[in-house]
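This report goes through one protein model and its ligand. Please have the sequence and the 3D view open while reading.

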Amino acid sequence: MNNDANSPSAVRRIIDAIADLRAGRPLDGPTIRGVVDDYLAGRVTDYQMSAWLATVACTGLRPDETAALAMAYVDSGRRLTHPGVGRVVDKHSTGGVGDKVSLFVVPVVAACGVPVVKVSGRGLGFMGGTVDKLESLAGLRLDLSAGEVADALKAVGMVITGQSDEVVPGDRATYALRDVTGTVDSMPLIAASVMSKKIATGADAVVLDVKCGEGALVPDLDAARTLARLMIDIGRAAGVECQAVLTDMNRPLGRAVGNAAEVREAISALQGDIVPGYHEVCRQVAVLMVSLGRPNLSTGACEELVEHAVASGAALRILRRWVEYQGGDIAQIDDPDLLPSGRHEAVVRATEDGWVTGIGPTEIGKAALWLGAGRFQHEAPLDHGAAVLLDRQVGERVAAGEPLARLVWNDGRPDEAEKAVRAAFRVGRQPPEEINPVLDVVNVN
Ligand code: URA
């Protein structure tokens with residue numbers, strides 16, 4: 001944001017709002033809206049907004065304040081509408097490591113005849129973001145105007161775009177600050193950020209993938225349930241039907257962590273080669289989305305549609321058509337080896353025989369950051385080719401000297417990344433218990 005302009009009344013408002021939060025005095029809707037609008041207009045600085053966000057991260061917000069923040073973000077731009085295309089659905093994840101669920105489910109659900117409009121964000125902290133991943137595709141435009149979203153939806157049946165000047169600019173601006181100011185894992189900030197995008201897309205129904213565990217923004221199932229209910233209530237008050245699926249994030253999802261590498265893994269999944277864990281989450285989210293879009297169908301019929309969308313190649317064809325429509329290079333879909341990849345590669349090998357009993361997602365996320373896949377500074381560029389590729393998954397055997405993971409980078413810090421990957425892998429004498437990453441489905445509509 002513009003750090004030059006400074007308006008005395010706007011500065012007074014944000015400083016008073018910080019003092020009120022610290023004293024436990026409630027903030028009313030106009031004050032919250034004023035803070036967001038002042039920041040967007042450059043009437044307060046990045047450091048003042050960072051202080052407000054940091055205060056919220058410490059004090060929390062009440063549910064009505066959280067909803068007011070979500071609506072301030074929505075009203076900072078336009079709320080899209082999609083007349084004449086039927087029930088539109090959307091999905092959002094609260095973020096995790098290796099979370100490429102959207103790249104798979106959006107084309108699958110569109111191939112099931114359910115229109116999908118999705119507004120996504122960039123990476124946050126050690127977690128990647130859909131916009132950063134998709135920008136690995138040369139030329140792909142993710143800054144569509146409201147009119148372009150409507151046209152793309154009619155032409156292709158699916159749209160993914162980022163926050164923009166027209167769509168939740170308030171979330172875009174504060175999201176980028178949160179990424180680099182340690183204010184990512186605040187429940188009200190997450191709920192307002194996620195739900196503003198979901199309300200602004202104009203979807204009739206939304207599936208929220210609320211991840212919990214070590215590599216997520218909330219630590220456990222109870223916190224995930226609380227976050228899910230908070231978001232569902234905000235959505236419902238704005239007329240959006242919401243369901244949440246609570247999923248485990250105590251290990252990375254899939255084999256690839258890093259932007260282009262995750263796009264590559266999602267394309268393989270759409271070709272039918274999908275790894276356990278990633279598969280269960282994708283399937284659950286896709287089936288829920290199809291049942292919200294086509295409420296007359298039974299769950300069994302939705303499951304069959306989802307399977308057919310992948311097996312018939314229809315979902316991959318829609319992805320290809322969508323990439324072409326938004327200006328992306330379809331040669332990279334047809335031959336994913338054309339996607340960016342780092343010039344350097346190193347293998348991290350096991351030092352003992354055994355079973356992989358755990359892979360710490362936070363360390364893997366941080367390793368990817370060290371390699372250049374994420375940001376340490378506000379709106380800094382990142383390396384789409386940087387990645388951690390997991391050669392072993394939890395539950396697989398490994399012998400001393402065999403690869404655990406590969407590091408791929410251009411200008412990163414492979415020494416730090418290797419340390420983080422070594423810290424992530426736990427190898428034991430017994431195989432671990434198998435778990436289904438889908439923990440629960442919450443529907444309080
Ligand atoms: N996803 C978002 O869009 N916002 C958050 O704050 C976290 C995950």
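## Basis of the model

This is a predicted model, in which local features need pLDDT of at least 70, side-chain atom pairs count only at pLDDT 80 or more, and totals for chains, interfaces and linings use all residues. Residues are numbered from 1 along each chain as its sequence is written, and side-chain values use heavy atoms, leaving out hydrogens and water.

A polar side-chain atom of Lys197 is 2.6 Å from an oxygen atom of the ligand. The side chain of Ser193 has an N or O atom 2.7 Å from a nitrogen atom of the ligand. Taken alone, the ligand exposes 230 Å², and the protein buries 96% of that (Shrake-Rupley method, 1.4 Å probe).

## Asp171

Asp171 is part of helix 8 (residues 169–179); helices are DSSP runs of H or I with at least four residues, strands are runs of E with at least two, and both are numbered from the N terminus. Asp171 counts as buried because its relative accessibility is 1%; buried means under 20% relative accessible area, exposed over 50% and partly exposed in between (1.4 Å probe, protein chains only).

The side chain of Asp171 also makes a polar contact of 2.8 Å with the side chain of Ser193. A polar contact is a pair of N or O atoms within 3.5 Å; within protein, one must be able to donate a hydrogen and the other to accept it, and residues adjacent in sequence count only if both atoms are side-chain atoms.

Four strands form an open antiparallel sheet in the order 6-9-11-7, where pairing requires at least two DSSP bridges. Strand 6 (256–257) and strand 7 (344–349) are the edge strands, each pairing on one side only. Strand 9 (residues 387–390) and strand 11 (residues 403–409) are joined by four bridges, and Leu390 stands opposite Ala405 of strand 11. Helix 16 (residues 361–371) packs on the sheet and touches strand 6, strand 9 and strand 11 (contact: heavy atoms within 4.5 Å).

## Strand 8

Strand 8 (residues 354–359) is largely enclosed by the rest of the structure, because five of its six residues are buried. Two bridges join strand 8 to strand 10 (residues 397–398), running antiparallel, with Trp355 and Arg397 as bridge partners. Four bridges join strand 8 to strand 12 (residues 425–428), also antiparallel; there Ile359 stands opposite Phe425.

How values were computed:
Axes fitted to C-alpha atoms, helices over the stretch in contact; angles between N-to-C directions.
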